[in-house]
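Work through the exercises below with the structure open. Try each task before reading its solution.

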Amino acid sequence: MSKQSLPSNSRAAADEQNSVAVIDAEGPETGQMSVEPEAVKKDQKRHLADYDRKTLVELLRQMLLIRRFEEKSAEAYSMGKIGGFCHLYIGQEAVAVGAISAIRKDDYVLTSYRDHGQAIAKGMSPDAVMAELFGKAGGCSQGKGGSMHLFDKSIGFLGGHAIVGGQIPLATGVAFASKYQGTDQVTLCFFGEDAVNQGAFHESLNMAQLWKLPCIYICENNQYGMGTSLQRAMSLHDISQKASAYEMAAEFVDGMDVLAVKEATARAVERARKDYLPTLIEVRTYRFMGHSMSDPGNYRTRAEIEKYQERDPLKVFAASLREEKVISDKDYEAMEKQVQEEVEHALRFADESPLPEPEELYTDVYASPITPGEHGLK
Amino acid sequence: MAVITMREALNQALREEMLRDENVFLMGEEVAEYQGAYKVTKGLLQELGPKRVIDTPITELGFAGLGVGAAMVGLRPIVEFMTFNFSILATDQIINSAAKMLYMSGGQFKIPIVFRGPGGSAYQVSSQHSQALESWFAYFPGIKVVMPSTPADAKGLLKSAIRDDDPVIFIEQERMYGHKGEVPEDTDFTVPLGVADVKREGTDATIVARSVMVPVALKAAEVLQEQGVSCEVIDPRTIRPLDIDTIVTSVKKTNRVVVAEESHPFCGVAAEISTEIMERAFDYLDAPVRRISGADVPMPYAKNLEALAIPTVDQLVAAVKEVAYLE
């Protein structure tokens, strides 16, 4: 299920020997996972017994909610209701849902511009997310941030950052603050694999390990930095290995398996809470849509996308739960209906939410504005 | 009041504010065990301990961003750049994160952080170590930029910057650390941000000068006084937000103005001040606004060339005479 460099006495180490669902950790030279959907399901099913039904159903519900939300976002984008950039999370749902299910409500999450999934998984209402995409006053950032800058202080969702890798030093600082303040909160920092090529990644991991900061770095390796494949952008493809440069614990995990992501994150969370130790988790995943809505996607083949779609994390997990009778077909249909309604509600909320007032243009530039010196003719 | 150096005044401000609020911590290269590359942080590690005074690796982007992240969740970091030249590596975090976080989060995340350190010209340290970067930072809404010119202002402004809820760029002129002046000992002494100071009153011409150009302007004013020209010297102290009202009030009185700076002229702060004066007080001007800036070249190493690149008292005197139509 996962490969782990430290510590060695965990369940993951045992799994490594027993599991059939190990992704080719030598790097995606072929650009393809080495396991079949049936193997993932088989492995997933062996772990279902570790969880109560409520937890499993909630994981599925969140993944389904994010999927339907993103599909609706794509539709709304095509209709011109969403402007600018819109980076969809379809295909990667198991990463945000699995990882965030392993932390507490008072823990922190930071991510990149592909942030709808993490925001919803952290507990942001789809209404507030959709309204933000629409640039409305009811959005989580009052319409000032947009798709790439979702924020909600009340649930510890600290953005939505749109410079590749920019959130990594920030998350390191949030973790620094938790330790400084003497809390046991942990910080999850999500980023794509090409952020690993930024200096910010290396500078942050060095400080996090040097100073023992409770930050969990989750690299969502979807194998393409926009249109450039990992093979064309990175000399060492096994990203989890990069942690060894900083003597940091690392794991490699199948991002198409929500339980695998949850378990790997839970192990990292334990290290962070107990001993203020950081971890780098490489999660191999795949985005089914383009980099953004404007991406024609001509850098990868239809066959490659279809190959990964067979391992669709949502479909595979839903099948595991249904085949093991955790949920019935009827339960799933009811869940679909409820999620559809939630997304429709978000759409209506966003549509009906007012535009920001014109005077909002000049608010929130400074927390302590100084009037005598305000300048520039408005 | 005690007479102390700007270095000591800054040290007092750091110490007092760290004692006042335990959410304030200081980080940077060589700030702790080495006692500061310019000794501004001398004694702080010993008094406040390694949790509050932190030596960083040479990793400017990383620790600047770490500071911004810590500020998002309630801490009040002071990030020292050994010199502001190195802040260039950290500009992504200063500009894209610190300056914009409050706005793009719809007002949810204020960033109370101070980025401080020496800037501007020094003594023969050549192109990469002699740069006045205030116009870069002042360009961005969301940031405040402060440049003190006296030990008292340095202390009072730094204390205000640390207590301020916004990101503040605090640039200490490298050649001024040894400058001495009277500094109040009261720990409640502060100087408000965004308020200019009239360093010398006068009636015939206004000189707007900041940082190390303030002593140059005061010297020029003395020379000009001997020649019968009364100069008013205005120090904005805070570059952004700029107290343009104080400048304009002075210009309306003197009708003539020279803006002095040691930075490059192109897209510089003096250019902005000149424009603002033109927009607000054009009808009061008896002569075009004149700028005196550093040479528009990378700073040379050779002592004679370096001297030519930094504005002098003579240049400033000549410029004031020009706007007064005396030459």
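**Exercise 1.** Classify A122(B): is this residue buried, exposed or partly exposed? Then place A122(B) in the chain and list its contacts.

*Solution.* Start with the count. In this predicted model, A122(B) has 18 C-beta neighbours inside 10 Å. A buried residue needs 20 or more, and an exposed one has 12 or fewer. A122(B) therefore counts as partly exposed.

Next, the location. A122(B) sits in the loop between strand 5 (114–119) and helix 6 (134–138) of chain B.

Then the contacts. Neighbours within four places in sequence are left aside. What remains is H129(B), S130(B), E174(B) and R175(B).

Last, a distance. K199(B) is 77 residues from A122(B) in sequence, and their C-alpha atoms are 24 Å apart.

**Exercise 2.** Describe the overall build of chain B, and say why it counts as compact.

*Solution.* Count the elements: chain B has twelve helices and 14 strands. Now test the size. The C-alpha trace spans about 60 × 45 × 40 Å along the principal axes.

Turn to the interior. Buried residues make up 59% of the 327 residues in chain B. Take the contacts with a separation of 6 or more: 78% of them link residues 24 or more positions apart.

Chain B averages a pLDDT of 97, and 100% of the residues score at least 70.

**Exercise 3.** Give the strand order of the open five-stranded sheet in chain B, and find its edges.

*Solution.* The order is 9-11-10-13-14, with mixed pairing. The edges are strand 9 (197–200) and strand 14 (290–292) of chain B, since each pairs on one side only. Neighbouring strands are turned by 25° against each other on average, direction ignored.

Look at one pair inside the sheet. Strand 10 (residues 205–209) and strand 11 (residues 231–235) of chain B run parallel and share four bridges.

**Exercise 4.** How enclosed is strand 9 (residues 279–284) of chain A, and which strands pair with it?

*Solution.* Begin with burial. Six of the six residues are buried, so strand 9 of chain A is largely enclosed by the rest of the structure.

Sort the residues by direction. In a regular strand, side chains alternate between the two faces of the sheet. Here T279(A), I281(A) and V283(A) point one way, and L280(A), E282(A) and R284(A) the other.

Now the partners. Strand 5 (residues 215–221) of chain A runs parallel to strand 9 of chain A, joined by six bridges. E220(A) stands opposite V283(A). Strand 8 (residues 249–254) of chain A also pairs with strand 9 of chain A in the parallel sense, over six bridges. There, A250(A) has L280(A) as its bridge partner.

**Exercise 5.** Characterise the side of chain A that touches chain B.

*Solution.* Count both sides: 38 residues of chain A are in contact with 45 residues of chain B. Strand 3 (157–160), helix 7 (167–180) and helix 8 (199–210) of chain A each supply at least two residues to the chain A side. Helix 7 of chain A gives the most, with nine residues. By class, the chain A side holds 18 nonpolar, 15 polar and five charged residues. The model scores ipTM 0.97 and pTM 0.94.

Key:
Residues numbered from 1 in each chain as written. Chains lettered and ligands numbered in written order. Predicted model: local features only at pLDDT ≥ 70, side-chain atom pairs only at ≥ 80, totals over all residues. Pairing = 2+ DSSP bridges. Axes fitted to C-alpha atoms, helices over the stretch in contact; angles between N-to-C directions. Rg over C-alpha atoms; globule rule 2.2 N^0.38 Å. Contact = placed C-beta atoms within 7 Å. Nonpolar A, V, L, I, M, F, W, Y, C, P; charged D, E, K, R; others polar. pLDDT = per-residue confidence, 0-100.
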